[in-house]
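Here are my notes for someone opening this model for the first time. Have the sequence and the 3D view side by side while you read.

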Amino acid sequence: MFIQVLAPITEIIGAWSIGLGPTLRAILSSPVKLLLHPSALKQFWFAKVWQVMGPGMDEGWGPTKRELVFPHVKGVVFEIGAGLGHSCKYFDLERVTKYIALEPDEEMHLELMTNALKAGLKEDQIVLIGCGLEDLRTIKEQIEPESIDTILSTFSLCSVPSLSIHLSTFVKTFLVPSGQLVFLEHVRNPRTIPAVLQKLYTPIWSIWFGGCKLDSDTINIVDSFGVWKEGRQVMAVGAPGGSGWEMFPHRLGIYLKA
Ligand SMILES: C[S@@+](CC[C@H](N)C(=O)[O-])C[C@H]1O[C@@H](n2cnc3c(N)ncnc32)[C@H](O)[C@@H]1O
């Protein structure tokens, strides 16, 4: 229990040990660019942290991701918070026709494109949109209503501000009827005291982890959209044998739009 409750602290220390050196060097070489633009500084920091932590996390979750992504993700795919493009290697390239990667952090774009191409996607199948999900106006300029077959997110919904508004609007506007939302996310612990601890950690945690909210109530938010038809599935990951004190309880979701 104690190890699980303290896990965010060890992760923050880990992030500091990765991000501090490169970020200080970058500030020294371009002080104006980074110090006058706090959002650019935050993106630089998180990209450096994710370049080190992301591959290990992807490897650890690899079997689960493959089981979730390969059989389900198909057609025109819109990935929220595509990061460094780690999901692409799990695509069934016979069934994915187009990949739209939404990634607000410009520092990740080069590696994202490189990994998408390395996974076997063709250049003309890839569209990169460099904004957050909340910027629906920019997204609308680039994609047609009801044109997305699969919305995919792994570990990104927690970083979207006002998720209930922005994701539900996105699903209602852009997902085709019978389209699906497929996700693997850490979520709010259903138990009260662990959830309170997640809430207490969140203001500090989100500074060092790209705006991620440890206490994101993703499952209840997605459940509340009122657009799903029967057949949705939500499977707990790592639940059997868990202590119930997890600060990072994960859920897989496959939701079908009516
Ligand atoms: C923890 S990383 C996960 C990256 C990738 N999905 C993966 O599994 O490796 C979270 C990602 O969400 C992105 N992100 C942050 N805020 C976002 C927003 N408002 N809308 C969309 N993506 C966002 C971050 O830039 C980052 O790439």
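This is a predicted model: local features need pLDDT of at least 70, side-chain atom pairs count only at pLDDT 80 or more; totals for chains, interfaces and linings use all residues.

1. Residues are numbered from 1 along each chain as its sequence is written.

2. Overall build. The protein has nine helices and seven strands; these are DSSP runs numbered from the N terminus, with helices being H or I of at least four residues and strands E of at least two. Along the principal axes, its C-alpha atoms fill a box of roughly 45 × 45 × 30 Å. The radius of gyration is 18 Å, which agrees with the value near 18 Å for a compact globule of 258 residues (taken over C-alpha atoms; the globule rule is 2.2 Å times the number of residues to the power 0.38).

3. Packing. Buried residues make up 35% of the 258. Here a residue is buried if 20 or more other C-beta atoms lie within 10 Å of its own, exposed if 12 or fewer, and partly exposed in between, with C-beta atoms placed from the backbone. Of the contacts with a separation of 6 or more, 72% join residues 24 or more positions apart; a contact means C-beta atoms, placed from the backbone, within 7 Å.

4. Helix α1. Start with α1 (2-29), which has 28 residues and reaches 41 Å from first C-alpha to last, close to the expected 40 Å (the expected span is 1.5 Å times one less than the number of residues). There is a kink of about 40 degrees at Gly19, shortly before Pro22; the bend is the angle between axes fitted to the seven residues ending at a residue and the seven starting there. Gly19 is also one of the buried residues of α1, together with Pro8 and Ala15. Their cover includes α3 and α8 (192-208).

5. Helix α3. Residues 38-60 form α3, which has 23 residues and reaches 32 Å, close to the 33 Å expected. Look for a kink of about 40 degrees at Gln51, shortly before Pro55. Phe44, Trp45, Phe46, Ala47, Val49 and Trp50 are buried, and what covers the buried residues of α3 includes α1 and α2 (31-35).

6. The ligand. Which residues come nearest to it? Of the 23 around it, they are Gly81, Gly83, Gly132, Thr154 and Ser159, where "around" means a C-beta atom, placed from the backbone, within 6 Å. Helix α3 gives the largest share of this shell, three residues. By class there are nine nonpolar, ten polar and four charged residues (Ala, Val, Leu, Ile, Met, Phe, Trp, Tyr, Cys and Pro count as nonpolar, Asp, Glu, Lys and Arg as charged, and the others, Gly among them, as polar).

7. Glu146 has a positive phi of about 45 degrees although it is not a glycine. It sits in the loop between α6 (136-142) and β4 (148-154) and counts as partly exposed, because it has 13 C-beta neighbours inside 10 Å. Phe155, also not a glycine, has a positive phi of about 60 degrees. Phe155 lies in the loop between β4 and α7 (163-174), and counts as buried because it has 22 such neighbours.

8. One last loop. Asp124, between α5 (109-118) and β3 (126-129), has 7 C-beta neighbours inside 10 Å and so counts as exposed.

Conventions
Two residues are in contact if their C-beta atoms, placed from the backbone, lie within 7 Å.
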